[in-house]
Amino acid sequence: MNDRERPMGEVRRINRVWVVLVMATLVTYALGESGTAGRAGMWATVLMFALTFVKGTLIALDYMALRQAPLMWRLLIMGWLLVVTVFIIGAYASSRILPH
């Protein structure tokens with residue numbers, strides 16, 4: 001489906017999602033490159049992963065068209081994204097807490 005066949009509201013939504021994705025990418029990049037995430041500790045890292053989860057959610061729902069997909073597919077993909085994010089945060093947290 002090209003842009004001429006899409007309803008105008010859907011095109012606007014995709015454009016808004018794109019802007020949010022770019023802004024979230026810039027925030028996570030700035031946090032990582034400035035060293036703020038390292039100095040601020042775990043909370044900055046959790047914020048970065050939360051933004052990453054939001055980005056993954058927007059990509060899955062809007063760019064992979066899961067918003068119109070059956071509930072089972074949405075739950076499966078969103079559950080997978082949540083599990084992966086929680087495991088990565090857990091691995092990071094344990095590496096910070098447990099002695100080497």
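**A salt-bridge network, a helix pair and a nonpolar patch**

Aspartate 62 counts as buried, at 13% relative accessibility (buried means under 20% relative accessible area, exposed over 50%, partly exposed in between, with a 1.4 Å probe and protein chains only). The model is predicted, so local features need pLDDT of at least 70 and side-chain atom pairs pLDDT 80 or more, while totals for chains, interfaces and linings use all residues. Residues are numbered from 1 along each chain as its sequence is written, and side-chain values use heavy atoms, without hydrogens and water.

The structure holds two salt bridges (a side-chain nitrogen of Lys or Arg within 4 Å of a carboxyl oxygen of Asp or Glu). In one of them, arginine 13 pairs with aspartate 62, with the closest N and O atoms 3.0 Å apart. Arginine 13 lies in helix α1 and aspartate 62 in helix α3, so this pair ties together parts 49 residues apart in sequence. Arginine 67 also forms a salt bridge with aspartate 62, again with closest N and O atoms 3.0 Å apart.

Turning to the helices, α3 and α4 (residues 71-97) pack at an angle of about 165°, their axes 10 Å apart. That makes α3 roughly antiparallel to α4 (angles over 145 degrees count as such).

Finally, a nonpolar surface patch of about 780 Å² includes Trp18, Val22 and Tyr63 among its residues. Helix α1 gives the largest share, five residues.

Definitions and conventions. Patch = residues over 30% accessible without salt bridge, like charges linked within 9 Å, V, L, I, M, F, W, Y side chains within 5 Å. Areas by Shrake-Rupley, 256 points an atom, 1.4 Å probe, with all protein chains shown as cover. Helix = DSSP H or I, 4+ residues; strand = E, 2+ residues; numbered from the N terminus. Axes fitted to C-alpha atoms, helices over the stretch in contact; angles between N-to-C directions. Parallel < 35°, antiparallel > 145°, perpendicular 65-115°, else oblique.
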